[in-house]
Amino acid sequence: MTFNRFQEESSSENTPDAIELETIECDLLLEGVHRMYGYDFRNYARPSLVRRIWHHAHAENLSTISQLQDKVLHDRSCFERMVQSLSIPVTEMFRDPELFKTFRREVVPILRTYPYIRIWHAGCSTGEEVYSMAILLHEEGLYDKARIYATDMNDRSLQQAKEGIYGIEKMKLYTKNYLDAGGTQSFSDYYTAKYNSVMFQPYLRKNIIFAEHNLATDRSFNEFNVIFCRNVMIYFNDTLRDQVHGLFYESLSRFGILVLGSKESIHFTRFSDCYEPLDRVEKIYRKIK
Ligand SMILES: C[S@@+](CC[C@H](N)C(=O)[O-])C[C@H]1O[C@@H](n2cnc3c(N)ncnc32)[C@H](O)[C@@H]1O
């Protein structure tokens, strides 16, 4: 199948044969990537995955998915660029402020009763969600007894997360989100600005462990009181979503808390009756069995 850059980034023709060919080419690409590099995109939701594959083929100046397969398998740097294209590292500090406000109100009192708190941010992207949690715990006097595990499959995003350096132009939105999320201090006290960037205070990073972890292929690595996995499973199909919910169920302690993205839900998974909602709207669930 050929790609015409003036058409949409999907199949160039919409005949049944063309769509079938696109499916075959995608299957072969994803199978090859899995076998060669161990990254498993086979159970990502297809329509958006196919769009991003075409986008990447376009960026590499290629006109078929088969050509992309050839290049990806023979050129590791092309594969690494493809991971960046498929990763979608879109995030914000205190994204969905109401969620963080509800977390403060509903979950923090529970966490106060624990001697030690372990939190996992799965699919943390460039770290904004993780620093938001560090600030929240700091303000609630809980940071010193917390360990935050921040993981993603994208090593480039993780590198930025570790550095904690972000564009200064984002601070207006992040300050608003912080205040809407119930922040009690001056947000600018949490970073130092230099030229066009800000760096978050190193003390916020003290108890954060950053590590590469792929939800599609890697196993559980600890037991957690809280798992955040927001705006990640939205890109998975039902099979992978169920598998990852299995991983989270196994990784949560008794009465552990699971926090999902605004468009995600525990319903229609194998685990729906293993949790009760602590807040249905904000997608905060508690493991009950
Ligand atoms: C849209 S961002 C969400 C970031 C953050 N959780 C938020 O809600 O703002 C999705 C992240 O999921 C990561 N991701 C996608 N598939 C993954 C996988 N199989 N394992 C781990 N991380 C994955 C991507 O690399 C990306 O950083």
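A salt bridge is a side-chain nitrogen of Lys or Arg within 4 Å of a carboxyl oxygen of Asp or Glu. The views below come from a predicted model. By this rule, the count comes to 17 salt bridges.

**View 1. R112 and E140 form a salt bridge.** Their closest N and O atoms are 2.7 Å apart. The pair links distant parts of the chain. R112 sits in helix 5 (residues 97-112). E140 sits in the loop between helix 6 (128-139) and strand 2 (146-152). The two residues are 28 residues apart. R112 is partly exposed, at 42% relative accessibility. The pair also belongs to a network: salt bridges that share partners join R104, R112, E139 and E140.

**View 2. E60 pairs with R81 in a salt bridge.** Here the closest N and O atoms are 2.7 Å apart. Buried or exposed? E60 is buried, with a relative accessible area of 10%. R81 is partly exposed, with a relative accessible area of 33%.

View 3. R76 is partly exposed, at 48% relative accessibility. E80 is partly exposed too, at 38%.

Technical notes. Residues numbered from 1 in each chain as written. Predicted model: local features only at pLDDT ≥ 70, side-chain atom pairs only at ≥ 80, totals over all residues. Heavy atoms only, no water. Buried < 20%, exposed > 50% of the residue type's maximum accessible area, 1.4 Å probe, protein only. Helix = DSSP H or I, 4+ residues; strand = E, 2+ residues; numbered from the N terminus.
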